[in-house]
Amino acid sequence: MSELSPRDLSRRKLITTGLAATAGALGLGVAARLAQKYGLVPPDHGGIYGLGETLTYASQRLLTRHSLAREFSRSQISKPPFPNEVPPLSEAFKRLQAGGFSDWRLSISGMVARPASFSLDQLKGYPSQRQVTMLQCEEGWSYIAEWIGVPLSHILHAVEVHPQARYVVYFSIDPDWWDSIDMADALHPQTFLVYGMNGGELPVGNGGPLRLRVPRQVGYKSVKFITHLTVTDNLKTFGKGLGSAWYAGI
């Protein structure tokens, strides 16, 4: 992703300042409409906190869109990394595992010009990325690991996402396990599809053979056993997934 120019920064700062001033002078409702004009409305902005969430989302996206999660040295990798409890694996998963995951596929549909299906070998053929970041779980535990994979932005560019797209919904092989992120997080340089860990394959206990890693958000956004992505401009037809908020940042 390209760096923001001084002009972009000035424009973003002006919009943010304008939102804050509007909220103070004319009320949250008018400020929220201004945020909507600039496409800065969170996917779950309804309810009693809706207006406040809209202003929080707008300010966060304008000011911290390019911020990075902390990266660590390899000497700080946790030994051993903590694999949290995995639900009972389905027969479909076991069959794929018995075949060395050679038939595992990641399909992508929705608002893309070129819907596609990728094998693990195809994903590994893209330029890889390594990062040593911390996975922080909402349950209170955390660990540091070296994650190896392909930036999600590379895959989204390959399928040619429509400019109107706003969210990426991602699904596990477990049909009840899915979540979503907006395009700002989907295209963030640290968001990527992980197939390796600490120099080897990604263990099943840690989400292998493929999981999403969103280092700027807490663990439940990094769904394991990823098999499908849907690109969309509306989350209302999907429900709440794991019940995750639009932003669960750390």
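**Exercise 1: the β1–β2 hairpin**

Work out how many residues the hairpin uses to join β1 to β2, and how the two strands run.

*Solution.* Start with the link: the hairpin gets from β1 to β2 through 5 residues. Next, find the strands, which are DSSP runs (E, at least two residues), just as helices are runs of H or I, at least four residues, with numbering from the N terminus. That gives β1 as residues 105-110 and β2 as residues 116-119, running antiparallel with 4 bridges between them. Pairing takes at least two DSSP bridges between two strands. Finally, look across from Arg 105: Ser 119 in β2 stands opposite.

A word on the model: it's predicted, so local features need pLDDT of at least 70 and side-chain atom pairs pLDDT 80 or more, while totals for chains, interfaces and linings use all residues. Residues are numbered from 1 along each chain as its sequence is written, and side-chain values use heavy atoms, leaving out hydrogens and water.

**Exercise 2: helix α6**

Find the buried residues of α6 and say why they lie on the same side.

*Solution.* Then step past the helix: Glu 160 follows, with a positive phi near 60°.

**Exercise 3: the whole protein**

Methods. Buried < 20%, exposed > 50% of the residue type's maximum accessible area, 1.4 Å probe, protein only. Arc of directions from axis to C-beta.
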